[in-house]
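Visitor: I am new to this structure. Could you take me through a few of its residues, one question at a time?

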Amino acid sequence: MKILLLLRHAKSSRDDTALRDFDRPLNDRGKDDAKLIGRFMREGSISPDLVISSPAKRARRTTELMLKSAGLDINVAFDERIYEADVHRLLAVVSQIEPVSNVVMLIGHNPGFEDLVEVLAGRTERLPTASLAQIDLAVEEWNKVRAGAGKLKWLVTPKDLKKTN
């Protein structure tokens with residue numbers, strides 16, 4: 001079995017309208033939420049073998065803050081295909097993951113991530129910013145991932161975590 005973790009980037013700022021979408025930074029809430037998800041991962045002993053992130057500024061910063069807060073020292077691969085990716089492109093990224101990695105985290109954007117949950121797990125779920133989902137995949141190799149191959153094990157949002165703290 002393979003495990004796919006999907007982390008939507010945290011809340012970004014739209015204050016500077018001159019910035020390209022790709023260059024938008026996190027706002028203060030986004031920074032806090034990325035750290036909160038990291039603490040959730042640390043407390044739950046969630047440690048991916050591999051992290052693949054969109055190279056967009058808000059995704060990079062989410063990755064950095066989450067890993068630091070989680071206490072994880074993992075090399076991150078930045079894959080341009082994740083930025084503005086539809087579900088077909090995301091499936092292509094997943095299918096090319098090396099088989100040695102069993103738990104992989106993708107960090108990216110909607111609507112692609114919500115669509116990926118729906119295609120893999122057959123469930124329509126809302127993924128607000130900084131949401132983290134775990135999909136358990138009934139495959140031995142990433143190149144075998146297909147529609148319906150997964151089960152959504154859990155989905156956590158910063159709002160959920162703030163309720164319990």
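Guide: S45 counts as exposed, because its relative accessibility is 65%. This comes from a predicted model.

Visitor: Where does S45 lie, and what is its phi?

Guide: S45 sits in the loop between α1 (28-43) and β2 (50-53). Most residues other than glycine have a negative phi. S45 is not a glycine, although its phi is positive, at about 50 degrees.

Visitor: Is A130 buried or exposed?

Guide: A130 belongs to the loop between α4 and β5 (132-137). A130 is also not a glycine and has a positive phi, about 65 degrees. Buried means under 20% relative accessible area. A130 has 1% relative accessibility, so A130 counts as buried.

Visitor: Which side chain of opposite charge is nearest to K2?

Guide: K2 is in strand β1 (residues 2-8). Beyond four places in sequence, K2 has contacts that include P99, D136, E141 and W142. K2 is buried and has no salt bridge. A salt bridge needs the two charged groups within 4 Å, and the nearest side chain of opposite charge is 6.5 Å away, that of E140.

Visitor: Which residue does a cis peptide bond join to P111?

Guide: P111 is in the loop between β4 (103-108) and α4 (112-121). Most peptide bonds are trans. The cis bond here has an omega of about 5 degrees, and the partner of P111 is N110.

Visitor: How much space lies in the largest pocket?

Guide: The lining has 4 nonpolar, 6 polar and 7 charged residues. The space in the largest pocket is about 220 Å³. Among the 17 lining residues, those closest to the centre are R8, H9, R24, R58 and N110.

Note on methods:
Residues are numbered from 1 along each chain as its sequence is written. This is a predicted model: local features need pLDDT of at least 70, side-chain atom pairs count only at pLDDT 80 or more; totals for chains, interfaces and linings use all residues. Side-chain values use heavy atoms; hydrogens and water are left out. Helices (H or I, at least four residues) and strands (E, at least two) are DSSP runs, numbered from the N terminus. Buried means under 20% relative accessible area, exposed over 50%, partly exposed in between (1.4 Å probe, protein chains only). Lys and Arg count as positive and Asp and Glu as negative; His and the chain ends are not counted. Contact means heavy atoms within 4.5 Å. On a 1 Å grid over the protein atoms alone, a cavity is a set of points where a 1.4 Å probe fits but cannot get out, and a pocket is an open set with protein on both sides within 12 Å along at least five of seven lines; lining residues have an atom within 4 Å of a point. Grid points are joined across faces, edges and corners, and a volume is the space filled by probe spheres set on the points. Ala, Val, Leu, Ile, Met, Phe, Trp, Tyr, Cys and Pro count as nonpolar, Asp, Glu, Lys and Arg as charged, and the others, Gly among them, as polar.
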